Amino acid sequence: MKVPEIQIPIVEIPIEKKVKLFMKREDLIHPEISGNKYWKLFFNINNYLELNPENPLIITFGGAFSNHISAVSALGNQFNLKTLGIIRGEEIEKKWEENPTLVYAKRNGMNLKFVTREEYRHKEKLTEFLKQEFPEALIIPEGGTNRNAVQGIKMMLNNDTKDFDYLCTAVGTGGTVAGLSEFCEDNQEVIGFKVVEDDSLEEKISNLTSKRNFHLTDAAFGGYGKINDENVRFINDFKAKYEIPLEPIYTGKMMQKVFEMIDAGYFPEGSKILCFHTGGLQGIAGANLLLHKQNRNLII
């Protein structure tokens with residue numbers, strides 16, 4: 001993987017408030033390996049390939065609509081690497097062809113192994129079995145979060161990001177907020193917007209960064225993967241006003257919560273807030289599939 005030649009834009013979100021709001025469009029980094037996924041995989045893949053494995057294989061974990069699974073499959077297709085996705089929920093095996101993310105992953109050549117939710121909860125044990133079966137493989141954790149990922153997230157920061165008071169990102173497995181925390185300026189505060197209800201996240205992040213300049217706030221809006229009508233309304237209004245698409249699992253919920261915090265006066269007057277668009281727009285198709293089945297408004 002190479003550092004992209006494109007300049008990732010930072011765009012101002014014009015709001016009539018006493019703070020200034022900006023977004024770094026990491027979603028534009030690559031059409032398929034988008035946002036933070038690109039940087040989480042960057043050192044994982046490059047360090048692995050430097051070992052010159054005889055039969056390279058990338059194994060990773062994810063749910064049925066996982067952005068990470070989608071990105072790893074695209075990476076495998078682009079670099080001609082074999083990939084194996086361990087998918088949560090054996091009940092999906094008989095109907096995976098109805099799932100746009102898994103169809104896309106299969107089209108990219110990814111092999112899929114479906115496991116029970118109980119087996120998936122014990123991924124450490126599952127990982128040990130996979131190491132024995134595929135000793136040469138690179139096994140990447142769910143969401144791509146590990147120390148190599150944290151090093152990759154450093155690439156999301158540059159001279160253009162130094163002049164902000166707050167750095168905001170959605171949090172699923174914690175790697176992105178850990179990387180921002182570790183490598184941001186000393187005067188900057190990192191806010192992680194939790195889209196999962198996981199009480200262990202703060203400890204996990206603390207184990208990946210040497211700094212304590214971050215805090216987490218709840219942005220689950222009913223639970224991971226749950227989409228309410230207000231989420232859909234916000235995403236559609238945001239796109240109409242600012243011409244920026246958001247997906248409903250991560251960045252959409254983060255931005256909705258950021259707007260609520262601004263309205264509540266959380267940020268001091270004159271603050272400059274930078275939100276990272278972490279990509280994952282492929283998830284809109286799956287979300288709309290579920291919304292359509294429920295006869296609800298779709299994401300435009």
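## A residue pair in the sheet

In this predicted model, A170 stands opposite F193, a residue of strand β8. The pair belongs to the parallel pairing of strand β7 (residues 166-171) with β8, which extends over 6 bridges.

Strand β8, formed by residues 189-194, has 5 of its 6 residues buried, so the strand is largely enclosed by the rest of the structure.

The chain crosses from β8 to β9 through helix α8 (residues 201-206), in a β-α-β crossover that is right-handed. A right-handed β-α-β unit is likewise made by β7, helix α7 (residues 175-183) and β8.

## The protein as a whole

The protein contains 11 helices and 10 strands. Its radius of gyration is 19 Å, close to the 19 Å that the globule rule gives for 300 residues, so the protein is as compact as a globular protein of that length. Along the principal axes, the C-alpha trace spans about 55 × 45 × 35 Å.

Of the 300 residues in the protein, 55% are buried, while the accessible surface amounts to about 14,600 Å², with 48% of that area belonging to carbon and sulfur atoms. Among contacts with a separation of 6 or more, 73% are between residues 24 or more positions apart.

Terms used:
Residues numbered from 1 in each chain as written. Predicted model: local features only at pLDDT ≥ 70, side-chain atom pairs only at ≥ 80, totals over all residues. Heavy atoms only, no water. Buried < 20%, exposed > 50% of the residue type's maximum accessible area, 1.4 Å probe, protein only. Helix = DSSP H or I, 4+ residues; strand = E, 2+ residues; numbered from the N terminus. Pairing = 2+ DSSP bridges. Right-handed = clockwise from strand over helix to strand, strands pointing away. Rg over C-alpha atoms; globule rule 2.2 N^0.38 Å. Contact = heavy atoms within 4.5 Å. Areas by Shrake-Rupley, 256 points an atom, 1.4 Å probe, with all protein chains shown as cover.
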